[in-house]
Amino acid sequence: VVIQVTDGANTDTITVTVTVQDLNDETPAFTSSGTPSINENVRNVLTLAASDTDAGDSATFAITGGADSELFEIDGGTTLRFAAAAGANYESPGDAGTNNEYVVVVTATDTGANAVAQTITITIQDVNEFSPEFGDGDTATATPNENQQAVGTYAATDADGSATQTYSVSGGADQALFSVATGGVLTFDSAPNYEDEICGGDNSCVVVLQVTDGANTDTITVTVNLQDVNEFSPVFGDADGDGESSTATATPNENQQAVGTYAATDADGSATQTYSILTAEQNAASVDHDLFSVAGGGVLTFQASPNYEDAGCGAGDNSNTCAVVIQVTDGANTDTITVTV
């Protein structure tokens, strides 16, 4: 700028050059993220950075607060990192809120002592580092009843805190008979009938389940031993061919104990049949019950060899026509047959 002075008649001038000097009066501003997200087991969080409109100015960084400040340090002046070399473990969060969100306050200070603080929230991401596991030696046995689809639940565990498990039927001789749902719920595709002897004819089925977390897998072999339900009654059937299932006639010779065999059938595949002689009090038709015995398989015999000439049957104990009632039971259901000897 040129300044002129005059006394009314005479003048003089001076040229003044004014150079403006920079004062460090601007506060730095963070340009690095305040919400970084990193994987578990990683030490370095981020590189701290700040801008300053004062020409040529720079900032230094320091940890000045935050709920988790003691877990962090600044390396090399700009790298915010965990103090522990292993970083954070997602499955065992060490932050104050135990929610895998670590909070630390970092302050940036420029050469003119201007400072600004930033709260940094660090979110830890789960890494798929573990395999899902069925456990128990990766084998299991189930004993469901026939006529129902449910078999059992075979849920795997996974040490990864956020792993998603997907189940499937992956093998086994009888895999075509089964399905598996969320959580490892194993079912028959349709309710099995024990009497149909599925699974190779022995009602013992084998299926292999697989679980995956998207990267790692495990399997379990399940042996399903189908159980018979006592749903049918034992039946003597048409023992003498007369179309009636409740009577039979035998004509044994005197002087022998054997009478005949009266075996019942049972549609239950594993039913156990027990035979007995009913007393006259239990069934009035069993007039001569005390003269007979019945063994396994319905084998009927006289207790002592009868003598035709010494008739001892009938209501008056003077007849050679004897009547006895045999009962069979499977433990829940019964049938009877009246045998006239």
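The structure holds eight aromatic pairs, a pair being two rings of Phe, Tyr or Trp (its six-membered ring) with centres within 6.5 Å, stacked if the planes are under 30 degrees apart, edge-to-face if over 60 and tilted otherwise. This is a predicted model, in which local features need pLDDT of at least 70 and side-chain atom pairs count only at pLDDT 80 or more, while totals for chains, interfaces and linings use all residues. Residues are numbered from 1 along each chain as its sequence is written, and side-chain values use heavy atoms, with hydrogens and water left out.

One of the aromatic pairs is that of Phe-30 and Phe-61, which is tilted, at 5.8 Å centre to centre and 45° between the planes. Phe-30 belongs to strand S3 (residues 29-30) and Phe-61 to strand S7 (residues 59-65), so the pair ties together parts that are 31 residues apart in sequence; strands (E, at least two residues) and helices (H or I, at least four) are DSSP runs numbered from the N terminus. Phe-30 and Phe-61 are both buried, that is, under 20% relative accessible area, with exposed meaning over 50% and partly exposed in between (1.4 Å probe, protein chains only). Elsewhere, ring pairs join Phe-72, Phe-82 and Tyr-102 into a cluster.

Beyond its neighbours within four places in sequence, Val-222 is in contact (heavy atoms within 4.5 Å) with residues including Ala-140, Tyr-154, Leu-186 and Leu-209.

Most residues other than glycine have a negative phi. Asn-100, however, has a positive phi near 65°; this residue sits in the loop between strand S9 (79-82) and strand S10 (101-110) and counts as buried because its relative accessibility is 7%. Glu-197 also has a positive phi, of about 50°, and lies in the loop between S16 and helix H1 (199-203). Glu-197 counts as partly exposed because its relative accessibility is 48%.
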